[in-house]
Every structure is written in structure tokens, then in C-alpha cells.
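Hi,

Here is the structure I promised to pass on to you. Please open it alongside this email, and I will walk you through what turned up.

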Amino acid sequence: MTEPLLVDRTDAVATLTLNRPAAMNALDVALKEALRDTLAELEADRTCRAVVLAGAGGSFCAGQDLREHVATLQSGTGKPLDTVAAHYNPIAARLANLPKPVVAAVRGMAAGAGASLAFLADIRIGGPSTSFLMAFAKVGLAADTGASWTLPRLVGHAKAVELLMLAEPVRAEEAWRLGLLTRMVDDDSVLPTAQELAARLAAGPTVAYGAIKRQLSVADAGTLADALAAEAQAQAICGRTTDHHAATMAFVNKQKPVFEGR
């Protein structure tokens with residue numbers, strides 16, 4: 001049986017590839033469970049210092065597997081949207097709070113929850129074939145997988161309303177202009193560029209990167225006082241790291257710092 005999620009470890013970088021190319025990597029239960037559980041394992045794995053999220057074949061991810069969803073609706077058993085609490089929310093929380101950088105290699109279509117996954121990454125690499133579609137309203141649903149939180153932060157409230165309610169495709173150039181993509185490269189370079197960038201980040205001060213992610217999350221939703229408190233806490237943590245001490249000495253001695261992520 002083909003694994004729904006491929007995990008490749010190269011040095012300190014873990015590449016997670018959604019592996020249902022015949023279904024545009026649509027998220028069925030097996031894939032959602034594999035992604036949720038693998039992210040939990042990587043969060044606790046100190047040897048993993050950066051994560052790449054990619055899709056097999058020509059698409060990133062088409063979102064929820066609607067064929068599976070229709071079967072659930074027609075069965076009349078349970079609550080058809082239980083998957084939000086069981087799968088999508090834990091996945092979103094893991095990606096957003098992962099104390100290490102996450103880079104999304106977004107080649108081809110990213111729709112619905114697939115687009116939401118990409119928006120949870122810290123950096124998104126795309127190419128000419130990349131497009132996003134907030135498809136939830138097309139099937140009578142509201143947003144999930146964190147899109148109601150990430151989209152306003154990326155494009156502003158008014159544009160988030162437009163993208164979610166009108167559910168129109170956003171092509172690569174507009175996605176880059178709006179900030180949905182961090183960098184644009186050739187299609188064939190999307191994954192290699194994402195992996196190269198992840199390797200660069202993995203060789204950096206990953207404790208500091210995790211602290212930056214936490215303090216930005218606090219600042220996005222909080223007051224200046226909240227942000228200042230988060231900064232003080234982050235600097236207290238980072239100031240005790242081996243990385244900070246070694247990098248400071250390297251700077252003073254005009255040497256290149258070597259970061260160990262501790």
C-alpha cells in the first residue's frame with residue numbers, strides 16, 4: 001500500500017510530501033492522521049531543525065477529499081465535520097506553533113484546507129503554476145485549518161473576506177503580490193529552492209527562530225504591553241542558549257558563527 005505521507009530526512013531537514021497525486025493530494029483520513037502524528041513527532045525531535053511541506057505530482061493539495069466526505073454524509077453516522085476537531089485543528093496548531101521553521105513548496109493548485117496548510121508555513125515558495133483557491137464557500141462551508149487566522153494576517157481583513165466569500169482562484173503573480181507567496185521561482189525549482197532555504201534555516205539559530213514565531217503570534221493579536229512581555233520572555237530564553245553565547249563571541253572575534261540549535 002502506498003504511504004499517504006512521505007517523510008524524507010536530509011541532515012536536519014524533514015521534507016513531508018503529501019502523497020496522493022492521483023487525487024491532487026486531497027486530504028483523506030489516512031493522510032490527515034499521518035500528517036498530524038508526524039508533525040507531533042517532529043516537534044519533539046531535536047535533530048529536526050526545519051520542515052518542508054510539499055505535494056507529490058503537479059499539485060500541492062486540493063483540500064478535503066470530497067469523495068470520502070460524501071460517503072460520510074450519506075452514511076448518516078456521526079458528525080461529518082468531526083474531522084475539524086480531530087484532524088484539521090491539531091494539524092494547524094502544530095504547524096503554527098512548531099518551534100522550528102516551516103517552508104511550503106507550493107507547486108500547482110492549493111485549494112481549501114490545502115491552501116490553509118500553505119498559509120500556516122513561515123515561508124511559501126511558488127512558481128508560475130501555483131494558484132490558491134479558498135474553496136470552502138463553494139461547498140457551503142466556512143474556513144478551517146486556520147485560514148480565518150492566517151489570511152487576515154497575510155492579506156488584510158477586507159481581502160480575506162473577498163477571497164473566502166467569492167472563492168475565486170488567485171494565480172501565482174497575484175499571490176506573490178498579495179504576500180501569499182514569499183518567493184517566486186520556476187516550477188521545477190520550487191521544491192529544491194524550498195529545501196535549500198530550509199537547510200539554510202536549519203543551520204541557523206533555531207531556538208531564536210522558534211521564539212520569533214511565538215512573539216509574532218502574541219504581537220499579532222495583543223497589545224504593545226503583550227508584545228513587550230513576549231519579547232522579554234523570548235530574550236531571556238535565547239540569552240541562555242549556547243548559540244547566543246557562541247555567536248556573540250564569534251562576532252567579537254570576527255569569525256563565522258556555528259549554530260547548534262540549543
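Let me start at Ala-236, which sits in helix H10 (residues 224-239). Ala-236 counts as partly exposed because its relative accessible area is 36%, which falls between the 20% cut-off for buried and the 50% cut-off for exposed. For a sense of scale, pick Gly-55 as well: 181 residues separate Gly-55 and Ala-236 along the chain, and their C-alpha atoms are 38 Å apart. Do keep in mind that this is a predicted model.

Now for the interior. In soluble globular proteins, nonpolar side chains tend to be buried together. Here, the largest nonpolar core is made of 43 residues, and Leu-35, Leu-117, Phe-132 and Leu-180 have the most contacts inside it. Helix H4 (residues 113-119) is the main contributor to this core, giving 5 residues. Another core, of 15 residues, lies apart from it and includes Val-13, Val-52, Val-103 and Ala-194.

Beyond its neighbours within four places in sequence, Phe-132 is in contact with residues including Val-106, Met-109, Ala-110, Phe-119, Pro-169, Val-170 and Leu-181. Phe-132 also belongs to strand E7, where it stands opposite Ala-110. Strands E5 and E7 (residues 131-133) run parallel and are joined by 3 bridges. They are part of an open sheet of 3 strands, ordered E5-E7-E8, with mixed pairing. Strand E5 (109-111) and strand E8 (170-171) are its edges, each pairing on one side only.

There are also two pockets to look at. The largest pocket has a volume of about 590 Å³. Its lining has 23 residues, and Leu-120, Ala-121, Asp-122, Lys-213 and Leu-216 lie nearest the centre. Which helix gives the most to this lining? That is H9, with 8 residues; helix H3 (82-97), strand E6 (123-126) and helix H5 (147-155) each supply at least two. By class, the lining has 14 nonpolar, 3 polar and 6 charged residues.

The second largest pocket holds about 420 Å³ of space. It is lined by 23 residues, with Ala-62, Gly-63, Gln-64, Asp-65 and Leu-66 closest to its centre. Helix H2 (66-75) and H3 each give two or more residues to this lining, with H2 giving the most, 3 residues. In the second largest pocket, the lining splits into 13 nonpolar, 5 polar and 5 charged residues.

Happy browsing, and write back with any questions!

Best wishes

How values were computed: Residues are numbered from 1 along each chain as its sequence is written. This is a predicted model: local features need pLDDT of at least 70, side-chain atom pairs count only at pLDDT 80 or more; totals for chains, interfaces and linings use all residues. Side-chain values use heavy atoms; hydrogens and water are left out. A nonpolar core is a set of buried Ala, Val, Leu, Ile, Met, Phe, Trp, Tyr and Cys residues joined through side-chain atoms within 4.5 Å. Buried means under 20% relative accessible area, exposed over 50%, partly exposed in between (1.4 Å probe, protein chains only). Helices (H or I, at least four residues) and strands (E, at least two) are DSSP runs, numbered from the N terminus. Contact means heavy atoms within 4.5 Å. Two strands pair if DSSP finds at least two bridges between them. On a 1 Å grid over the protein atoms alone, a cavity is a set of points where a 1.4 Å probe fits but cannot get out, and a pocket is an open set with protein on both sides within 12 Å along at least five of seven lines; lining residues have an atom within 4 Å of a point. Grid points are joined across faces, edges and corners, and a volume is the space filled by probe spheres set on the points. Ala, Val, Leu, Ile, Met, Phe, Trp, Tyr, Cys and Pro count as nonpolar, Asp, Glu, Lys and Arg as charged, and the others, Gly among them, as polar.
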